[in-house]
Amino acid sequence: MMELIIDLPVYMPVLKKIQELDGINVHLLPEPAVVARTLPVAEIEHGTVLLCTIPPENHAAMKNLELVQIASAGYTQLINQGFAQRNIRCCNALGVFDVPIAEWNMAMMIHLARDFKGMQRNQQQKVWDRSARFQDEIRGRVVGIWGYGGIGRETARLARALGMTVHVLSRSGLKPRHHTYCVPGTGDPEGLLPDRVFGMDEKDAFLRSVDFLIMAIPQTGSTEGIVGEAELRLLKPSAFLLNPARGPLIKEAALVRALQENWFAGAALDTHYHYPMPPEHPLWEMDNVILTPHISGSSASPHFLERVWDIFFENVQRLRNGKPLLNELSAAALTGK
Ligand SMILES: NC(=O)c1ccc[n+]([C@@H]2O[C@H](COP(=O)([O-])OP(=O)(O)OC[C@H]3O[C@@H](n4cnc5c(N)ncnc54)[C@H](OP(=O)(O)O)[C@@H]3O)[C@@H](O)[C@H]2O)c1
């Protein structure tokens, strides 16, 4: 019997499907955890699989534990918890935000290209202005996606559907991704959609080629500040920059100066340097900047829970059938290497 311990709000349609599987016993914890906590041993000790955001502090009491499925893409809560040493497999929720972030990317490109901010200012001031800049389009423009993971792939799919040319900057070229969660019918699991792929040694040519640059890489020790003055100066004066990934990928002072001095045309920023951004920060006031408060993809999304449960359902079945799991974290990742 596989005992599933659920420490997450329930998404009923998938829970029902799980309960219909043979040989599965589901144990729902009464109040799902939002912070680390110790649970009564009797509640968890027989668990084979744990679905949670943060594992209980006394997870070592789960002697039969085989799999931990977390409900976040970030997995710092799993690092150096002894899971790798105990051969407990761990999976994250990578992929649940690809769709909303890719849609944010499309919305922002169209907003920037047509200067919707300018139109809204005109509306507030009751100005009737039918200038050409409000009538532009993105079809035929080049979108440059830096990092071809889940967000990059769904952005590429939507951009191609809108008639854009897709350039990608990738460390190691495009490969199929069959063991990473992707909402059915979205993304580019085979890695076939981009019109042109640039290697890291072609970064300058990539930056010069794009009308929209979209950051889609993680923030790590090696990527923090990866975009600085030199990179921003390579963008066309007519180009726009979108950052739904992480603010510190782009050097703050260089970005502010570039936007103040119009090195390129404007930006849409969802991720930031301060949480919240202080009212006196210059980015709030800039006419050529759209600033959103880290909501391009969010756990408050109406589809968040459904997608986490989809990953869980798939992984429970894969575990039973001895198949590769979705979003499995390596032992190196679990030990912070
Ligand atoms: N705004 C939000 O709410 C929100 C939500 C989710 C995620 N994010 C951010 O967006 C980032 C991308 O998300 P994702 O779901 O697309 O992640 P992903 O599927 O893991 O893909 C990230 C891509 O970045 C590249 N990459 C990975 N490690 C790198 C490194 N050390 N240096 C340079 N490139 C690296 C890889 O592409 P190549 O192999 O092609 O280089 C990888 O496929 C996340 O890391 C997160 O910071 C933001």
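I began with the second largest pocket, which holds about 180 Å³ of space. This is a predicted model, so I keep that in mind throughout. I listed the lining next, and among its residues I found Asp-98, Arg-153, Arg-177, His-178, Tyr-181, Asp-188 and Leu-326. Sorted by class, the lining comes out as four nonpolar, four polar and four charged residues.

**On to the ligand**

I then asked which residues come nearest to the ligand. Out of the 26 around it, they are Gly-150, Ile-151, Ser-170, Pro-244 and Gly-297. I noticed that Gly-150 also lines the second largest pocket. The shell around the ligand contains 10 nonpolar, 11 polar and five charged residues. I checked helices too: helix 3 (98–114) and helix 5 (150–161) each give the shell at least two residues.

**Backbone contacts**

For Gly-149, a backbone N or O atom sits 3.3 Å from an oxygen atom of the ligand. For Gly-150, a polar backbone atom is 2.9 Å from a ligand oxygen. For Gly-297, the distance from a backbone N or O atom to an oxygen atom of the ligand is 2.7 Å. How much of the ligand does the protein bury? I read 82% of the 910 Å² that the ligand exposes when taken alone.

**Annotation check**

Last, I opened the UniProt record: its unreviewed entry annotates residues 106–296 as "domain: D-isomer specific 2-hydroxyacid dehydrogenase NAD-binding". In the model, the end C-alpha atoms of that span are 11 Å apart, and I noted 29% helix and 15% strand for residues 106–296.

Definitions and conventions: Residues are numbered from 1 along each chain as its sequence is written. This is a predicted model: local features need pLDDT of at least 70, side-chain atom pairs count only at pLDDT 80 or more; totals for chains, interfaces and linings use all residues. Side-chain values use heavy atoms; hydrogens and water are left out. UniProt positions are given in the numbering used here, feature names are shortened, and annotations may be inferred rather than shown by experiment. Helices (H or I, at least four residues) and strands (E, at least two) are DSSP runs, numbered from the N terminus. A residue is near a molecule or strand if one of its heavy atoms lies within 4 Å of it. A polar contact is a pair of N or O atoms within 3.5 Å; within protein, one must be able to donate a hydrogen and the other to accept it, and residues adjacent in sequence count only if both atoms are side-chain atoms. Accessible areas come from the Shrake-Rupley method with a 1.4 Å probe; for residues, only the protein chains shown count as cover. Ala, Val, Leu, Ile, Met, Phe, Trp, Tyr, Cys and Pro count as nonpolar, Asp, Glu, Lys and Arg as charged, and the others, Gly among them, as polar. On a 1 Å grid over the protein atoms alone, a cavity is a set of points where a 1.4 Å probe fits but cannot get out, and a pocket is an open set with protein on both sides within 12 Å along at least five of seven lines; lining residues have an atom within 4 Å of a point. Grid points are joined across faces, edges and corners, and a volume is the space filled by probe spheres set on the points.
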